[in-house]
Amino acid sequence: MEEKEKIPVSVITLVVGIIVTIISVWLGQNHGLLPEQASVQAPLVDGFFDVMFTIAAALFLVVEGTIVFCAIKFRRRQGDDGDGAAFRENLPLEIFWTAIPSIIVIGLGIYSVDVYRQMGGFDPAGTKVAHVSSSDRQTVQPGTALAAPLIADAEGMESEEVATKEVSKYGFGATPEEGVNPADVVVDITGIQYGWLMTYPESGVLAGELHIPVNKDIQINLSAQDVIHAFWIPAFRLKQDAIPGKDTQLRFVATKTGEYPVYCAELCGAYHGAMRTQVIVETQEEYEAWIEENTFAEQPQLNQAVAVNTADLSESEYLSPYANEMGIDSETLNQIHPN
């Protein structure tokens, strides 16, 4: 009886490799582990995550598949009490399992640096350079607050000498090409135990949740008053530490309207898990209406909180609130006392 011709190992390896590749690529694109994308930066992070998941799935299938295959193929048969085959080394295999992981790690490292660069991680605030000479000690480029330090540093320098300093912030922001353009909306956010305080410098609005317009360049200046916090918006794929005494920054563009959760991702104390808020992405009209509503809402509260010495008021100033309540205006007075 003729023995069946065995399939070459190379062919088996090729087929298994194709199957593993197809499965891992499909899993990498359909894992469903991430929330919806809601920012321009999100696809960059998701693309990198998908590649890592694809590689991880392939390695898992290869390693676990080999273990299962060997456990079945080379199991001890009944009545087999002999020793297994003895071998000490396999140089090609050792080179293979050293070279492949090295290539993967180096490739992922280069890819991650490129994503970090595209998200403005190397220069989140854009390059800010200030120049001060002895002939013009107050020439500072916009966006810097170095006039006084640079003037002091420039004392004693010759007229030709120039003091130059660079200022940068930690975090993710605009690339150097985009950083020269001012953001559409700037929000100062302070982390405290256990909450986030949102301040809008242009309007003076103070809120406990972040309101931003959709498809606009948003710049968040982060700070902390007590311990390290981390401002994390999963839907935007952005997370940045808020460090006491150190300015950090996030700069992004939201692409979908809606409400998205915000978490503190740094263990900051006993109630760290409750340090949550939300970012509300609105249309430009809705955002402007919210700003206007909160700007006027805070004004009466401010007036009520400030004590006024009535002795310092004139009669018209003193009587003005009462006249308004009674509906008396200049037209009414003219009708009562015509000229």
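I began with the lining of the largest pocket, whose residues divide into 20 nonpolar, seven polar and no charged. In this count Ala, Val, Leu, Ile, Met, Phe, Trp, Tyr, Cys and Pro are nonpolar, Asp, Glu, Lys and Arg are charged, and the others, Gly among them, are polar.

I note that this is a predicted model, in which local features need pLDDT of at least 70 and side-chain atom pairs count only at pLDDT 80 or more, while totals for chains, interfaces and linings use all residues. Residues are numbered from 1 along each chain as its sequence is written, and side-chain values use heavy atoms, with hydrogens and water left out.

**Entry 1: the largest pocket**

I looked up the volume of the largest pocket and found about 1200 Å³. Of the 27 lining residues, Thr13, Val16, Val62, Val63 and Thr66 are the closest to the centre of the pocket. A pocket here is an open set of points on a 1 Å grid over the protein atoms alone, where a 1.4 Å probe fits, with protein on both sides within 12 Å along at least five of seven lines; lining residues have an atom within 4 Å of a point. The volume is the space filled by probe spheres set on the points, which are joined across faces, edges and corners.

I then asked which helix gives the largest share of the lining. The answer is α2, with 11 residues. α1, α2 and α3 (91-118) each supply at least two. Helices are DSSP runs (H or I, at least four residues) and strands likewise (E, at least two), numbered from the N terminus.

**Entry 2: aromatic pairs**

I searched the whole structure and recorded 10 aromatic pairs. Phe69 and Phe74 form an edge-to-face pair, because their ring centres are 6.4 Å apart and their planes stand at 90°. Rings of Phe, Tyr and Trp (its six-membered ring) pair if their centres lie within 6.5 Å; planes under 30 degrees apart are stacked, over 60 edge-to-face and the rest tilted. Both Phe69 and Phe74 are exposed.

Tyr200 and Tyr287 make a tilted pair, 6.4 Å centre to centre with 45° between the planes. The pair links strand β5 (residues 195-200) to helix α6 (residues 284-305), across 87 residues. Tyr200 and Tyr287 are both buried. Buried means under 20% relative accessible area, exposed over 50%, and partly exposed in between (1.4 Å probe, protein chains only).

**Entry 3: His31**

I located His31 in the loop between α1 (9-29) and α2 (42-73). Its side chain makes a polar contact with the side chain of Asp50 at 2.7 Å. A polar contact is a pair of N or O atoms within 3.5 Å; within protein, one must be able to donate a hydrogen and the other to accept it, and residues adjacent in sequence count only if both atoms are side-chain atoms.
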